Amino acid sequence: MAIINRKKLSTWKQKIQSGAGDLLNRSLDQHVNLAVTGLSQSGKTAFITSLVNQLINEGHGKPLSFFNAVHEGRYIAAKRVPQPNLQISRFDYDAGMAKLGEQEPNWPEPTRSISQIRLAIRYTPQDSLLKYASQMSTLYLDITDYPGEWLLDLPMLNQSYQQWSKYMTQLLTSQPRAGLASEFLQKLEQLDPLAVISETKLKELADDYTQLLLNFRHDLGLSVIQPGRFILPGEHEGAPVLQFVPFPCFEHLTAADYANADEQSFIAMCQARYQEYREAIVRKFYKQHFVNFDRQIILADCLTPLHSGPAAFNDLQHAIALIMESFSYGKSNVLRRLFAPKIDRILFAATKADHVTSDQHQNMTTLLEQVIIKAKKLLTFDGIKMKTLSIASIQCTEQGKSEYQGKKLSVLKGKRLDNNQIITLFPGSVPAKLPQPSFFSQNKFDYIQFKPMNAIDEHQALDHIRLDQVLQFLLGDKLK
Ligand SMILES: Nc1nc2c(ncn2[C@@H]2O[C@H](COP(=O)(O)OP(=O)(O)OP(=O)(O)O)[C@@H](O)[C@H]2O)c(=O)[nH]1
Ligand SMILES: [Mg+2]
């Protein structure tokens with residue numbers, strides 16, 4: 001097939017060079033802008049790296065059997081082409097592949113800023129008219145990568161400072177956050193919100209709050225972390241716009257107090273900075289980069305919270321609901337003007353499926369369906385096609401059988417991320433339903449992070465689980 005493809009490609013080049021068919025091709029070209037959505041560490045960068053790798057290296061060893069254009073022999077080739085937005089970085093696919101290609105392979109670094117990649121995918125259309133006209137067509141695919149931390153700022157677009165403060169207070173005063181947050185809340189309660197506050201004092205409070213957010217993320221494994229730029233400031237590091245805190249005691253303020261507060265007072269400074277953050281950073285970011293999506297993949301790592309415990313799992317569910325509400329697919333609200341009107345397919349993907357044995361994959365899929373079911377019921381998805389899959393962007397483990405107490409058991413072999421040791425284990429069962437407290441007390445879900453066992457050559461197609469089904473769902477109809 002590679003030979004045919006090369007032949008087709010050179011014919012295509014000749015046509016382009018001669019100018020013949022250029023106009024025709026241009027009018028037949030299609031375009032997909034894919035939103036890769038997922039919380040921090042859900043697997044976005046690994047997913048984009050693998051997706052690009054699969055499309056570029058198609059045919060090298062591991063066929064994408066469920067990707068019809070490939071299966072039907074109509075897929076020709078894909079290559080990276082200049083992206084439309086010249087002001088942001090190019091997605092560093094090469095750096096990601098280089099890390100995977102090191103003698104001791106490693107994962108791409110956590111993402112710290114935005115980047116973009118455009119692929120041109122060449123294929124032979126099924127349609128006879130198109131065949132007659134050009135024999136070949138191109139689908140352009142745009143993908144944007146960004147730090148997952150920033151995604152959770154999205155719900156703030158719909159909230160005033162007061163509403164946001166109330167919501168944060170609700171979180172900070174209930175478990176599991178309350179234990180860590182009590183000292184910080186006491187500090188705020190002692191403040192006179194109408195008194196003038198120095199910038200230094202406000203910075204100190206914002207630093208305390210940022211430290212709390214970091215503890216929620218790292219010590220408790222929680223997902224709802226707002227504002228996201230407090231823990232990943234990017235270019236705004238140290239700027240006053242990132243120095244404000246929620247205020248827990250609005251009931252002590254009359255509407256008039258609040259409205260007439262001195263510009264230099266604690267409450268007025270916090271409110272002004274919150275509004276600046278929301279408008280000049282969050283709204284601007286989403287307006288620039290999150291418009292005109294056609295397709296969306298929502299990646300969720302359900303396994304890590306399953307290992308961390310019930311609070312982490314509930315928080316994941318909460319965070320995913322918040323994000324889905326913000327995208328507001330059907331109903332009309334403020335955000336609708338920014339997002340959604342065009343999204344016609346959403347894929348929900350439970351990531352890192354190579355951490356469990358294949359008999360658990362169906363449960364992973366069902367569990368993710370349960371996680372999103374409430375949010376799904378509240379939203380209108382008119383005319384949007386949806387699918388849920390469990391996937392591994394880069395499969396790092398091998399599955400085998402082992403005997404335990406006279407029974408054959410499926411086990412995984414993989415290289416530990418923390419100490420490079422190759423181990424064999426049964427990681428545990430994934431519940432098909434939302435886990436009850438008893439699940440966490442009775443089942444030990446052994447989540448050990450893995451890395452690829454051997455260096456991966458950049459021209460090699462990465463091992464994966466169901467990425468061909470992902471490609472078929474997200475792009476298949478565009479490649480007909
Ligand atoms: N075994 C395995 N681990 C994965 C896979 N995908 C991601 N991981 C693990 O999850 C970690 C996070 O993946 P990333 O792709 O960096 O996640 P992200 O969503 O881009 O995270 P941020 O950039 O922090 O928002 C990786 O460093 C790996 O340890 C996978 O397919 N298999
Ligand atoms: Mg990333």
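My entries follow, starting with the ground rules.

**Ground rules.** This is a predicted model, so I note that local features need pLDDT of at least 70, side-chain atom pairs count only at pLDDT 80 or more, and totals for chains, interfaces and linings use all residues. Residues are numbered from 1 along each chain as its sequence is written, chains are lettered from A and ligands numbered from 1 in the order in which they are written, and side-chain values use heavy atoms, with hydrogens and water left out.

**Metal site.** I looked up what holds the magnesium ion (ligand 2), and found Thr45 (OG1) and Thr111 (OG1) coordinating it at 2.0 Å. Donors here are N, O and S atoms within 2.8 Å of the metal (3.2 Å for Na, K and Ca), and sites may look incomplete because water is not among the atoms. Thr45 sits in helix 3 (residues 44–56), while Thr111 is in the loop between helix 5 (93–101) and strand 4 (115–123), so the pair ties together parts 66 residues apart in sequence. For the record, helices (H or I, at least four residues) and strands (E, at least two) are DSSP runs, numbered from the N terminus. Are these two threonines buried or exposed? Thr45 is buried at 15% relative accessibility, and Thr111 is buried at 17%. My cut-offs: buried is under 20% relative accessible area, exposed is over 50%, and partly exposed is in between (1.4 Å probe, protein chains only).

**Ligand 1.** I count 22 residues around ligand 1, and Lys44, Ala46, Thr111, Gly148 and Asp354 come nearest; a residue is near if one of its heavy atoms lies within 4 Å. Helix 3 gives the most to this shell, with 3 residues. By class I get 9 nonpolar, 10 polar and 3 charged residues. Ala, Val, Leu, Ile, Met, Phe, Trp, Tyr, Cys and Pro count as nonpolar, Asp, Glu, Lys and Arg as charged, and the others, Gly among them, as polar.

Next I checked N and O atoms against the ligand. A polar side-chain atom of Asp354 is 2.8 Å from a nitrogen atom of ligand 1. Backbone polar atoms do it elsewhere: Ser393 has one 3.0 Å from a ligand oxygen atom, and Ser42 has one 3.2 Å from a ligand oxygen atom. How much of ligand 1 does the protein cover? I get 96% of the 650 Å² of accessible area that the ligand has on its own.

**Aromatics.** My search of the whole structure turned up 23 aromatic pairs. Rings of Phe, Tyr and Trp (its six-membered ring) pair if their centres lie within 6.5 Å; planes under 30 degrees apart are stacked, over 60 edge-to-face, the rest tilted. Tyr146 and Phe285 have ring centres 6.5 Å apart and planes at 70°, so I log the pair as edge-to-face. Tyr146 is in the loop between strand 5 (137–145) and helix 7 (161–172) and Phe285 is in helix 12 (residues 266–289), so this pair ties together parts 139 residues apart in sequence. Tyr146 is buried at 2%, and Phe285 is buried at 8%.

Phe244 and Tyr277 are another edge-to-face pair, 5.7 Å centre to centre with 65° between the planes. Phe244 is buried at 0%, and Tyr277 is buried at 0% too. I also logged one aromatic cluster whose members include Trp164, Phe244 and Tyr277.

Technical notes:
A polar contact is a pair of N or O atoms within 3.5 Å; within protein, one must be able to donate a hydrogen and the other to accept it, and residues adjacent in sequence count only if both atoms are side-chain atoms. Accessible areas come from the Shrake-Rupley method with a 1.4 Å probe; for residues, only the protein chains shown count as cover.
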